[in-house]
Amino acid sequence: SLDEGAQVALNGAVENAKQALGQVSGIAADVKALKQTLADAQTKAAGTGGSVDTSAIDARIASLETQLTASQQKVEQAAGALAGEAQTSAALQARLDALETKVQDNAGQNTMALAIAATGLKSAIDRGGPFAAELDTYLAVAPASADAEGLRTAATAGVPTVSMLASQFGD
C-alpha cells in the first residue's frame, strides 16, 4: 500500500514511460518507412543509371534518430523514477510494518492501565465517598472479576472510612 503522494508519483512515472514507449515505436516505424523509401529510390536510381539526391531523406532520418535517442532517454528516466518509487514504497512499507508491530504490542500498556485504574479505585475507596466512576474505569481495563462487580453496590454511596467507623462507636 502506498500513500497518496507516492501513488500519484508512481502513476505519473508509469504514464511517462508509456508515452515514451509509444513515441519510440512511432519513430521506429518512421525510420523503417524512410529506409524502405531510400532503398526503393536507390534501386530506381540504379535501374535508370542516374543518381538521386537523398539529402532530404538523410536529414529526415537524422532528425528521427535524434528523436529516438531523446525518447530512449525519457524511457530510461521513467524507469529510474519507477525504481526510485519502488524503493520509497518498500521503505514506507517497512516503516508501516514496524509501526503496526509497535501498536499491536500493547501488553505493557494494558498492565500499566490496570495498575493506574486500581490505584485510582483504591484511593477513591479510602476517601470514603462515591467511587462509581473509578470502578467503571477499573472494570473497563481489568479482566472480569466477581469481586470487583461486588463493589458495585457500594459504589454510589461509598465505603465508610476508618475514622467514620470509629466515630460511630463509643469509647
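## Ground rules

The model is predicted, so local features need pLDDT of at least 70 and side-chain atom pairs count only at pLDDT 80 or more, while totals for chains, interfaces and linings use all residues. Residues are numbered from 1 along each chain as its sequence is written, and side-chain values use heavy atoms, with hydrogens and water left out.

## Overall form

Let's start with the fold elements. The chain holds 7 helices and 0 strands, giving the order α-α-α-α-α-α-α from the N terminus on. Helices here are DSSP runs of H or I with at least four residues, strands are runs of E with at least two, and both are numbered from the N terminus.

The C-alpha trace spans about 145 × 20 × 20 Å along its principal axes. The radius of gyration of the chain is 41 Å, whereas a compact globule of 171 residues would have one near 16 Å. That radius is taken over C-alpha atoms, and the globule rule is 2.2 Å times the number of residues to the power 0.38.

## Surface, charge and contacts

About 11900 Å² of the chain is accessible surface, and carbon and sulfur atoms hold 58% of that area; the areas come from the Shrake-Rupley method with a 1.4 Å probe, and for residues only the protein chains shown count as cover. Of the 171 residues, 18% are buried. Buried means under 20% relative accessible area, exposed means over 50%, and partly exposed lies in between (1.4 Å probe, protein chains only).

There are 11 positive and 19 negative side chains, with the centres of the two sets 9 Å apart. Lys and Arg count as positive and Asp and Glu as negative, leaving out His and the chain ends; each charge is placed at NZ of Lys, CZ of Arg, CG of Asp or CD of Glu. As for contacts (heavy atoms within 4.5 Å), 63% of those between residues at least 6 apart in sequence join residues at least 24 apart.

## Nonpolar cores

The largest nonpolar core has 9 residues: A117, L121, A124, F131, L135, Y138, A142, A148 and A155. The elements giving two or more residues to this core are α3 (107-127) and α4 (132-141), and α3 gives the most, with 3 residues. Such a core is a set of buried Ala, Val, Leu, Ile, Met, Phe, Trp, Tyr and Cys residues joined through side-chain atoms within 4.5 Å.

A second, separate core has 7 residues, including V31, L38, I61 and L64. Back in the largest core, which includes L135, that leucine touches L121, A148, L151, R152 and A155, not counting residues up to four places away in sequence.

T37 sits in helix α1 (residues 4-48) and counts as partly exposed because its relative accessibility is 40%. T37 and I57 are 20 residues apart in sequence, with 8.6 Å from C-alpha to C-alpha. A154, in helix α6, is also partly exposed, at 22% relative accessibility. Not counting residues up to four places away in sequence, A154 touches F131 and V159, and its C-alpha atom is 7.7 Å from that of P130, 24 residues apart along the chain.

G158 belongs to the loop between α6 (152-155) and α7 (162-168). Is G158 buried or exposed? G158 counts as buried because its relative accessibility is 15%. Leaving aside residues up to four places away in sequence, G158 touches G128, G129, P130 and F131. G158 and R127 are 31 residues apart in sequence and 8.5 Å apart in space, C-alpha to C-alpha.
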